[in-house]
Amino acid sequence: MLTIVMALHCEASPLISKYKLKKVTEVHHYQYYQNNKINLVISGVGKAASASATGYSHAINGSPPHTAWLNIGMAGHTDFDIGCGFLANKIHDRSTQQTWFPSIVFEPPCITDKLLTVDRPDSKYQLNGGVDMEASGFYATASRFTTNELVQCYKVVSDNQRSPMKKISTKEATDLIQKKLDDINFLVEQLLNARHALSALYESPIMFDEICDRIKLSHTEQLQVKDRLRKLYLLNPNALTNKAILENQSSARKLLSTLDHIIARQEISFP
Amino acid sequence: MISTIYIENEICDHPVTRKVLSRFTNVNIIECDRYTEIFNRKAQNFRLQKKNPSLILAKKHSGFVLEAPDDYGIEGDNNYYFSHMLNCIYDCRYCFLQGMYRSAHYVLFVNYDNFTEEIGNKLKSHPDEEAWFYSGYDCDSLALDPVTGFADFILSFFRSQPKAHLEFRTKSTQIRSLLKSDPIDNCAIAFSLSPENITQVLESKTPSLFNRLDAMKKLQQAGWNVGIRFEPLIYMDDYKTHYSQLFSTVFDQLDADQLHSISVGSFRVPKGYFKNMVKLYPDEKLFAGPLEESDGMIAYRLELQEEMLTWCSQQITDQAPSCHHYQCRN
Ligand code: SF4
């Protein structure tokens with residue numbers, strides 16, 4: 001799953017349409033949308049709101065490992081044009097003075113730049129980079145739940161030194177995000193692919209569930225059996241299609257010893 | 001292709017930093033206080049990062065030159081190693097670095113002077129003895145040399161230190177700077193070689209055997225000492241076929257009489273690193289092989305290790321009888 005955290009509904013509406021996200025009515029504390037790959041939560045403005053929506057989303061999804069996270073929203077910028085999208089490569093929180101460095105492991109579809117998270121709207125544009133109000137709260141929280149590479153912040157410039165901050169209408173906010181859907185979709189795909197590749201590595205090996213149905217295994221034995229099945233599969237993927245392995249396995253010890261014998265007989269080659 | 005460079009604020013204006021940056025166009029530069037903020041942080045995935053590693057330019061503060069592990073040196077008693085870089089542009093599946101570091105980014109320590117200063121101090125502590133210094137323990141010595149220019153720098157120091165011996169350990173063909181300078185007797189360039197199938201399957205992004213041999217020949221012809229490291233030996237049922245092909249190709253192409261040294265060594269990794277490696281690459285066949293733990297190290301079963309080392313050593317002795325330094329290490 002990828003969870004997208006956005007401050008305002010007007011920013012999120014282009015994504016809700018694009019990904020045909022359905023409102024999850026069972027969730028009452030936040031506006032929460034979902035399809036089979038993506039969750040989207042409307043956090044409200046500010047880093048505390050963003051952090052708590054992130055934590056809440058993680059919890060209601062059953063805290064799965066290898067989740068991907070994307071914060072999308074508006075930012076001011078010293079000199080980028082209004083409407084320009086950028087990915088944060090460094091996030092600094094002005095009040096706590098903490099810094100994070102998102103790890104971007106794909107060729108980004110846009111510029112990357114540093115981002116300062118402030119507690120109150122700031123129109124001074126002192127930092128040579130972007131300014132927002134959510135990223136540090138989001139990032140600090142999401143990066144507790146997954147590996148750094150799966151947590152990204154994408155911002156669209158809503159104001160800059162030349163056109164300083166004014167109140168943006170909901171339509172303007174929607175339009176700014178709408179125009180960046182290609183970039184956003186690219187990021188969504190990259191994060192989903194990386195997440196998928198990672199979680200596929202840790203799926204239970206073939207035959208494991210069947211074994212668990214037949215033999216009662218302690219936690220340690222489960223790990224040992226998984227390890228043997230993984231090895232056997234790597235050495236000879238066909239070996240695990242032979243259900244005869246499971247015949248007459250009355251205990252975990254016997255099964256482990258059978259698997260060890262089969263593993264020892266496999267050919268070791270590097271084609 | 002490096003697209004992001006992190007730079008510690010303290011060394012933004014260091015001459016090496018400026019020189020390195022001049023080699024790049026179109027990179028994102030991100031300033032940081034200490035490289036450890038990026039390199040050592042928790043919750044990073046080496047495997048994902050390896051797809052697009054960044055370069056981190058940093059200053060090293062201590063531990064410039066360390067005593068080499070017992071089985072590392074092949075010469076005298078005074079063996080040291082140093083690493084001007086952490087991590088490597090290649091992606092060998094057996095490499096212990098992927099189990100040792102949380103990050104796959106490359107760290108380059110730009111304060112080169114401190115390395116030579118510390119090597120000088122070590123030499124002073126052995127006034128009448130020779131000492132060996134190995135580069136390329138935590139990286140490949142030459143792979144990023146066109147960017148770092150480190151080989152030139154360190155060679156200029158060793159040129160005036162006849163009692164100090166330098167070894168570059170590499171799989172790289174980046175030998176231009178070596179070919180441009182005059183060879184020195186107290187430096188050897190040791191190439192790690194594996195059978196073709198292992199290079200293809202387990203040594204991702206490295207130059208082919210053919211290209212490594214070509215680089216070795218050029219260096220030999222230019223008068224440099226060239227060594228061979230048949231390490232790590234990888235077990236396969238038909239290892240004799242693959243390794244004998246390797247040995248015949250190598251000794252066909254190179255002048256064995258001129259070789260500085262040859263060594264062989266088994267695949268061995270500290271248990272903790274190995275666990276990390278398996279966690280990162282649970283789909284790697286190498287780790288499903290006949291390995292076992294002994295004294296905190298993961299290695300092939302002892303009888304297999306010995307069989308391979310003995311057989312390979314014999315083959316090498318038969319094919320390169322005159323190579324004056326030959327050590328069998330396990
Ligand atoms: S060349 Fe050496 S340092 Fe680089 S990945 Fe391979 S084994 Fe590791």
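B:C139 is buried, at a relative accessible area of 7%; buried here means under 20% relative accessible area, exposed over 50% and partly exposed in between, using a 1.4 Å probe and protein chains only. Its closest cysteine sulfur sits in B:C88, 7.3 Å away, so the two are too far apart for a bond. B:C88 counts as buried as well, because its relative accessibility is 14%. A disulfide is a covalent bond between the sulfur atoms of two cysteines. The cut-off used for one is a pair of cysteine sulfur atoms within 2.5 Å, and over all chains the structure holds zero of them.

A quick word on bookkeeping. This is a predicted model, where local features need pLDDT of at least 70 and side-chain atom pairs count only at pLDDT 80 or more, while totals for chains, interfaces and linings use all residues. Residues are numbered from 1 along each chain as its sequence is written, chains are lettered from A and ligands numbered from 1 in the order in which they are written, and side-chain values use heavy atoms, with hydrogens and water left out.

Both cysteines turn up again around the ligand, where the residues are B:C88, B:Y90, B:C92, B:Y94, B:C95, B:L97, B:C139, B:D140 and B:K171 (near means a heavy atom within 4 Å). By class, that shell has seven nonpolar, no polar and two charged residues. In this scheme Ala, Val, Leu, Ile, Met, Phe, Trp, Tyr, Cys and Pro are nonpolar, Asp, Glu, Lys and Arg are charged, and the others, Gly among them, are polar.

B:K171 also touches B:S192, whose other contacts are B:R169, B:T170, B:R212, B:R229 and B:E231, leaving out residues up to four places away in sequence; contact means heavy atoms within 4.5 Å. B:S192 belongs to strand β11 (residues 187-192) of chain B and is buried, at 7% relative accessible area. Strands (E, at least two residues) and helices (H or I, at least four) are DSSP runs numbered from the N terminus.

On to the cores. The largest nonpolar one has 134 residues, and B:F230 and B:F251 have the most contacts inside it. A nonpolar core is a set of buried Ala, Val, Leu, Ile, Met, Phe, Trp, Tyr and Cys residues joined through side-chain atoms within 4.5 Å. Neighbours within four places aside, B:F230 is in contact with residues including B:L193, B:F247, B:F251, B:I262 and B:I316. Apart from this core lies another, of 38 residues, with A:L21, A:L40, A:L87 and A:I177 among them.

β3(A) and β4(A) form a hairpin with three residues between them. Strand β5 (residues 68-77) of chain A is covered too, with 10 of its 10 residues buried.

| Strands | Sense | Bridges |
|---|---|---|
| β1(A) and β4(A) | parallel | five |
| β3(A) and β4(A) | antiparallel | four |
| β1(A) and β5(A) | parallel | five |
| β5(A) and β10(A) | parallel | nine |
| β5(A) and β9(A) | antiparallel | two |

Conventions
Two strands pair if DSSP finds at least two bridges between them.
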